[in-house]
Amino acid sequence: MITYLASKNEGKLAEIRTMLGNSPLQLRTYAAYRDPEEGHESYVDNALLKARALRSQLHDAGIRDAAVLADDSGIELDALGGRPGVDSAVYAGAATPWPQRLATMMREVDEHGGRERGARFVCVMALILPDGREIVVEGDVRGEISPQLRGKNGFGYDPLFFYPPIGKTFGQIPEREKNELSHRGRAARALLEALKP
Ligand code: IMP
């Protein structure tokens with residue numbers, strides 16, 4: 001089933017391609033995709049918003065026989081009462097470069113005493129089938145905010161997300177290993193399960 005991805009985030013796209021590479025979904029990007037304005041309420045709302053936006057853009061372009069897949073994700077910090085959550089992409093300012101965004105996060109955790117370091121990555125995937133049926137799945141993973149940036153792999157908050165069972169951050173492990181452990185990997189496996197006949 002040809003499936004267009006509602007994302008321009010290269011990090012996410014690479015991971016989703018690997019995770020769903022051998023699935024019934026034949027993944028494509030749509031160069032003309034325009035992201036809608038995201039809300040601040042829930043990952044589910046945002047994932048559906050992006051999937052529905054892409055579906056409507058494809059319909060306008062005469063493409064009606066494809067599925068669409070969107071991912072909305074974020075990181076939630078215990079010390080910050082679950083922030084930034086759905087606002088993770090704009091944490092510390094939408095145009096803020098990543099090194100500064102990560103430094104702000106480390107500083108905020110320290111300002112809260114530095115002892116409460118628990119964090120959770122969340123990913124919601126929304127798939128809309130060509131007939132309009134919507135499938136929504138979620139995956140999450142708990143870890144801790146590392147006191148220093150560690151590793152250069154992955155993207156976004158990965159160098160700050162320490163996963164105690166392996167004693168490393170997601171920035172220190174290869175993509176294959178991250179995909180086995182991550183929120184996105186868990187969501188992708190739930191999606192494949194939901195697609196089983
Ligand atoms: P959105 O899903 O486009 O709203 O963006 C989610 C934000 O969380 C972006 O800033 C991503 O870089 C970040 N994020 C989502 N998933 C991951 C991940 O697997 N590793 C690191 N950062 C992530």
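User: Which residues does S73 touch, not counting residues up to four places away in sequence?
Analyst: S73 touches K12, Y43, G85, V122, C123, H183 and R184, where contact means heavy atoms within 4.5 Å. This is a predicted model, in which local features need pLDDT of at least 70, side-chain atom pairs count only at pLDDT 80 or more, and totals for chains, interfaces and linings use all residues. Residues are numbered from 1 along each chain as its sequence is written, and side-chain values use heavy atoms, with hydrogens and water left out.

User: Is S73 buried or exposed?
Analyst: Buried, with a relative accessible area of 15%; buried means under 20%, exposed over 50% and partly exposed in between, using a 1.4 Å probe and protein chains only.

User: Which side chain is joined to that of S73 by a polar contact of 3.1 Å?
Analyst: That of R184. The S73 side chain also makes a polar contact with the side chain of D71, at 3.2 Å. A polar contact is a pair of N or O atoms within 3.5 Å; within protein, one must be able to donate a hydrogen and the other to accept it, and residues adjacent in sequence count only if both atoms are side-chain atoms.

User: New topic, N46. Buried or exposed?
Analyst: N46 is buried, at a relative accessible area of 2%.

User: What does the side chain of N46 reach at 2.9 Å?
Analyst: The backbone nitrogen of G39. Not counting residues up to four places away in sequence, N46 touches E38, G39, D72 and V86.
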